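Please look over the model below before reading my comments. They are set out as numbered points.

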Amino acid sequence: MSNAGFYQSLPKIHQFELALDPKQFHELPEDWVVVISDVINSTQAIADGQYRAINAVGGFTVAAMVNALKPLEVPYVFGGDGASFCIPPCQVEKVKKTLQACQQLAKTSFKLDLRIGLIPYNQLEKKILVCHYQKNKSLDQAIFMGGGLSEADNRIKQNPALHISPAEQAVEADYSGFECRWKRLPSPKELTISLLVTSQRPLLAQQVGLYKNLQQMIDHYIGDAKQHHPLATQHLKLGFSAKTLMGEMLVKTAGQSSLWSKFKTLWMLRIQNLLGLILMRFNLKLGDADWGQYKQDFLENSDFRKVDDVYRTVFSCTQAQWTQLQAWLEQRVKEGQIFYGAHTSNAALVTCLISKAGVEHIHFVDGADGGYALAAKQLKQQIKQAQN
């Protein structure tokens, strides 16, 4: 039995702190499949100034998958340069075609290589445990523990036999809902930190205990979620430049080669942004959408912290606050409790998935200029040094 409704049937936890409880996790059905997507050589692409493009590829991959699987909900996590999903076996063929379309779009429009890999859950040695965290109607996140998702990621990256081959003919996917219209968001404080922390302890209770402790220390040194939120309403500014809108324009004109269609789409996005600016500035309501409340909802619906075996968070702080928290992290490393990687910037980037304009919207947050991808590089180096 595929148990396709597994994720939708899980009890929903509405507070992030309460989700970090071993009792809230449920094992993935044994016949399900793990899907991993990521941009190959993302570190070099970041060095070449393509970080906004990398985030766009991760974002439109999520949009395409969500649309392909509707109305079915599956657990997934956005990781900056890609995303991970767990799917029932009945959806594998549909997912393969969707992801081949994403591969083609990444290659032809963004000049990036998207690696896609699938591995059956029953071939993994470690467990995949899932908790269904739903902060509100828009912000619905899966939290993963057990080590299985990290194992799947490592095995897929190391074994080309698990990769999906690019399609020989043109394939299409539905990217509706994908939006990428906001300028870089300056830190509400001095710094925007992208932080990845993984536990060295083997037991689930120890791991969630460490992540709870980490959350408490972030609150202690920097302030609660409102005080360390990486975004601020006064910094939310819609972009009108071709550079800012390029990612969404390329996705919306997928498969269209004419410069005229790209030009028209670019100006359509500018007109929509102008309308959005007017609606928000004058606190107007349109249908179910209260545009005067939109920027505050934007903050509430942003996924600036999550767990996929690794605790991932983007937060704002002063240099002094980061120095204190980093000293605490270094001490935990020396004690053999954690490994961590961090990237420091002065701004964040957001990639958006809009289900219903002005009403249902989720915003994937990453640090600018490298974010999670460069933090992951540092994390891997720290683990490698410890193993040597």
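1. Basis. This is a predicted model, in which local features need pLDDT of at least 70 and side-chain atom pairs count only at pLDDT 80 or more, while totals for chains, interfaces and linings use all residues. Residues are numbered from 1 along each chain as its sequence is written, and side-chain values use heavy atoms, with hydrogens and water left out.

2. What lines it. At least two lining residues come from each of α4 (51-69), β4 (76-78), β8 (140-145), β17 (347-356) and β18 (360-367). β18 gives the most, with 4 residues. Helices (H or I, at least four residues) and strands (E, at least two) are DSSP runs, numbered from the N terminus. By class, the lining has 16 nonpolar, 5 polar and 8 charged residues. Ala, Val, Leu, Ile, Met, Phe, Trp, Tyr, Cys and Pro count as nonpolar, Asp, Glu, Lys and Arg as charged, and the others, Gly among them, as polar.

3. α4 and α5. Helix α4 packs against helix α5 (residues 92-110) at an angle of about 155 degrees, with the axes 10 Å apart. The pair is therefore roughly antiparallel (angles over 145 degrees count as such). Axes are lines fitted to C-alpha atoms, for helices over the stretch in contact, and angles run from 0 to 180 degrees between N-to-C directions. Residues in the contact (heavy atoms within 4.5 Å) include Phe 60 and Met 65 in α4 and Leu 99 and Phe 110 in α5. The contact has 14 nonpolar, 2 polar and 1 charged residues.

4. α7 and α12. The axes of α7 (residues 204-222) and α12 (residues 319-334) come within 9 Å and cross at roughly 150 degrees. That angle is why α7 is described as roughly antiparallel to α12. Among the residues that make the contact are Met 217 and Tyr 221 of α7 and Leu 325 and Trp 328 of α12. The contact divides into 8 nonpolar, 3 polar and no charged residues.

5. α9 and α10. Helix α9 (residues 242-252) and helix α10 (residues 259-281) pack at about 120 degrees, with their axes 9 Å apart. Contact residues include Glu 248 and Lys 252 of α9 and Lys 262 and Arg 270 of α10. This contact has 7 nonpolar, 2 polar and 4 charged residues.

6. Backbone details. Most residues other than glycine have a negative phi, and most peptide bonds are trans. Lys 70 and Pro 71 are joined by a cis peptide bond, with omega about 0 degrees. Pro 71 lies in the loop between α4 and β4. Asn 41 has a positive phi, near 55 degrees, and is placed in the loop between β3 (33-39) and α3 (42-47).

Notes:
Parallel < 35°, antiparallel > 145°, perpendicular 65-115°, else oblique.
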